[in-house]
Amino acid sequence: MALMAVAAARMDDHDEYAKLVRGMNPPRVVIDNDASDDATVIRVDSVNSHGTLLAVVQVIADLNLVIRKAYFSSDGSWFMDVFNVTDRDGNKVVDAPTISYIQKTLEADDWYYPEARNTVGIVPSEEYTSIELTGTDRPGLLSEVCAVLAVMGCAVQSAELWTHNTRVAAVVHVTDAESGGAIEDAGRIADISARLGNLLRGQSDVRAGGGAGSLAQHKERRLHQMMFDDRGGHAAPDADAAGPARTEVSVTACAERGYTAVVVRCRDRPKLLFDTVCTITDMEYVVHHGTVSAEPGGGAYQEYYIRHVDGHAVRCEAERQRLVRCLEAAIERRTAEGLELEVRTGDRAGLLSDITRIFRENGLTIRRAEISSSGGEAVDTFYLSDPQGHPVEAKTIEAIRAQVGEATLRVKNNPFAAGDDAARKDAGVAGAGTTAFIFGNLFKFYRPFQSFSLVKLYS
């Protein structure tokens, strides 16, 4: 107890000193739409501390902005970074409320305190109860979890689930189905945790918090932390996975400067920088200098010069290999291959349980899921494949449509459709298998891959 009290006192002293330094040197943010012809430039100057870069990147990622290019550098205790960003359609950020939010958030003094934000524990929330699940993945697991929550009178307000190789992690925000508020009864929370724990066989963990507290709120940050394997880093890449490797990570010494150089080359995608910086930060490394850019052909290049928080560069081969494995896994687990299916319909009790049951009964595995409910409408996105990781066949898609009913379905990045070159040529639409909105029985077009004129297509 005495040691804990001393540690707490030291952290309080550190926080007070950090607040004093920041009070004397507040963050400066400049958002410029004239400096670049094709992107909005965001410049941030602030006092440097562990987690500063992640705090900035997290704001940009949460707004679903795309980072086309970035530079960051620390000079002693001062941190400077520049981001060229666009929206998902490649346009500059001109929305006044969005610009104001970025400015106010990044200039807020308390945004840069990682000691407060990164702790895995209880934070106040009266709106929902947060449930965290980690364990060994298997087909039908999410369906079983949703069924238990429905039986226990829990309404899922939002959730996110990631899988990588044999591991699964999920953060689920639920409310009481009757009251619509957070579940406060400690006995009921314990019962929910116990029942979910029975589903996660073997090595697993279930945590729930409600009432006056809820578990840490940033889902994606928590998922990265939950997928981390303390026994040796993140799950190793599957050597038998089909297709060529798309991620290359090199970690080399930069002895003359006392840094370790980390270079990442992979397929570009949204939130890639967040995933890599999040992993570097959680592994207790500090990024001193770096550059990020998109490459021709859809690739991404990232270069970091890092040291451990203790000031040392990477010191041994085992540490180097662990860093490589962790970065590879952080990049790959958000990239879900297979059918991406969005279900948009009126929310009701047991909806998520019914949808995931339909997937299970049709022999599909959920690789990743993003669940949300607002204003009486449910918007659920699932990344699906068969248990062997193969694309979903057209007959299975039609069977799902028949069982889901009148829900509005959005299908995109379906490898089965994308591989049918003849169908796309007949349709006269480039990339016709990429994204489509299908309403009710119009979903039947997936079997013959005809009648594309009835479907509104988006490139």
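What share of the contacts in the protein chain with a separation of 6 or more comes from residues 24 or more positions apart? The legends below start with that figure.

**Figure 1. Overview of the protein chain in the predicted model.** Residues 24 or more positions apart account for 70% of the contacts with a separation of 6 or more. The secondary structure consists of 13 helices and 20 strands. The chain has 459 residues, of which 49% count as buried.

**Figure 2. Packing of helix α2 against helix α8.** Helix α2 spans residues 52–62, and α8 covers residues 272–282. The two pack at an angle of about 155°, and their axes are 9 Å apart. Angles over 145 degrees count as roughly antiparallel, and α2 and α8 are therefore roughly antiparallel to each other. The crossing in which α2 passes α8 is left-handed. On the α2 side, the contact is made by Leu 53, Leu 54, Val 57, Gln 58 and Ala 61; they meet Leu 273, Phe 274, Val 277, Cys 278 and Thr 281 of α8. By class, the residues of this contact are eight nonpolar, two polar and no charged.

**Figure 3. The loops on either side of α8, with Lys 271 and Glu 284.** Lys 271 sits in the loop that links β12 (259–267) to α8. Its phi is positive, about 65°, although the residue is not a glycine. With a relative accessibility of 18%, Lys 271 counts as buried, because the limit for that class is under 20%. Glu 284 belongs to the loop between α8 and β13 (285–295). Glu 284 is likewise not a glycine and has a positive phi of about 70°. The relative accessible area of Glu 284 is 36%, so this residue is partly exposed.

**Figure 4. Packing of helix α5 against helix α10.** Helix α5 comprises residues 141–151 and helix α10 residues 351–361. Their axes lie 8 Å apart and form an angle of about 150°. The pair is therefore roughly antiparallel. As α5 passes α10, the crossing is left-handed. From α5, the residues Leu 142, Ser 143, Glu 144, Cys 146, Ala 147 and Ala 150 take part; their partners in α10 are Leu 352, Ser 353, Thr 356, Arg 357 and Arg 360. This contact of α5 with α10 has five nonpolar, three polar and three charged residues.

**Figure 5. Helix α11 and the residue just after it.** Helix α11 runs over residues 394–404. Its buried residues are Ala 394, Thr 396, Ile 397, Glu 398, Ile 400, Arg 401 and Val 404.

**Figure 6. Two buried cysteines, Cys 154 and Cys 326.** Cys 154 has a relative accessible area of 8% and is therefore buried. Cys 326 counts as buried because its relative accessibility is 0%. Zero disulfides are found in a search of the whole structure.

Terms used. Residues numbered from 1 in each chain as written. Predicted model: local features only at pLDDT ≥ 70, side-chain atom pairs only at ≥ 80, totals over all residues. Heavy atoms only, no water. Axes fitted to C-alpha atoms, helices over the stretch in contact; angles between N-to-C directions. Helix = DSSP H or I, 4+ residues; strand = E, 2+ residues; numbered from the N terminus. Parallel < 35°, antiparallel > 145°, perpendicular 65-115°, else oblique. Left-handed = near helix turned anticlockwise from the far one by under 90°. Contact = heavy atoms within 4.5 Å. Nonpolar A, V, L, I, M, F, W, Y, C, P; charged D, E, K, R; others polar. Disulfide = S-S within 2.5 Å. Buried < 20%, exposed > 50% of the residue type's maximum accessible area, 1.4 Å probe, protein only.
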